[in-house]
Amino acid sequence: MELISENKVFGGWHKRYKHMSSVNNCEMTFAIFLPEQVANGEQVPSLYWLSGLTCTDENFMQKAGVFKYASEHGIAIIAPDTSPRGENVADDSDGAYDFGLGAGFYVNATQAPFSLHYNMYEYITKELPALIEANFPVNDKKSISGHSMGGHGALVIGLRNSLDYQSISAFAPIVNPINCPWGQKAFKGYLGDDTATWHEYDATVLMQTSSYDRKLPIKIDQGAADQFLEAQLKPENFIEAARVKDFGVDYQNHEGYDHSYFFISSFIGHHIKFHATALK
């Protein structure tokens, strides 16, 4: 790993690193916040944050106001990039924002040329946690959260790997990507025409088919004024699937809030407290 930058904040340290990824076959960047408890030799639990379309590791760390709450609860925050990057990494031919660079959708791509680099599912579930646990003072307790495309990733990864995480949360997640334009475009490009493979990366389908080993606590916050609510996000599909399976989900709909980080920063404290309860 190579340290890019570091800043002291709320008694802890925010650091950015880059490293060569063997699963993505390129250099990857991630950020980590280490709360002040680690200075006393304490190993702390971790919260992995997955960001949305067009974002990098920097958006959440700079805009969400998470450090105060993470410091209070003694939780490390890990924020990976949203996709592989570099001159040799394939991108959308038209440079669209919703596919290619910045839009990895947290899948393992099977279609050329994307399969060489776009293996974000394995990166988030295997390679990055191994790197973090080998190099930083964290314990074996971790949870996962995210926004929009990252909310999709958090729900899918948490459900499919429920023995590895303690809790899942999401802001305005894409919960049923096989039935929305963003998801259909991404899945066709990364996974091909066999729609059966798409189901592995759809939180609503996973909930419907009970594709999880244990019922983790799940918290979802959604802005009622979100401009993508009806066409892309469709939270009611996931909530109904959870109701049928008697899977309790803490779902809150907030009047007036949109899809932005103004929304996330308003409720991030609630999410950190929710995860702290599960992690401790």
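Predicted model: local features only at pLDDT ≥ 70, side-chain atom pairs only at ≥ 80, totals over all residues.
1. Strand S1 (residues 2-9) pairs with strand S2 (residues 12-21) in the antiparallel sense, and the pairing extends over seven bridges. Within this pairing, Asn7 stands opposite His14 of S2. The two strands form a hairpin in which two residues lie between them, and Phe10, in the turn, has a positive phi of about 50°.

2. S2 also runs antiparallel to S3, to which it is joined by nine bridges, and here Lys18 is the residue that stands opposite Thr29 of S3. This second hairpin has four residues between its strands, with Asn25 in the turn showing a positive phi of about 55°.

3. Strand S3 (residues 26-34) is largely enclosed by the rest of the structure, because eight of its nine residues are buried.

4. As for the cysteines, the structure holds zero disulfides. Cys26 is in no disulfide, since the nearest cysteine sulfur, that of Cys55, lies 18 Å away, where a disulfide would require the sulfur atoms to be within 2.5 Å. Cys26 counts as buried, because its relative accessibility is 6%.

5. For Cys55, the closest cysteine sulfur is that of Cys180, and the distance of 17 Å is too far for a bond.

Terms used
Residues numbered from 1 in each chain as written. Heavy atoms only, no water. Pairing = 2+ DSSP bridges. Buried < 20%, exposed > 50% of the residue type's maximum accessible area, 1.4 Å probe, protein only.
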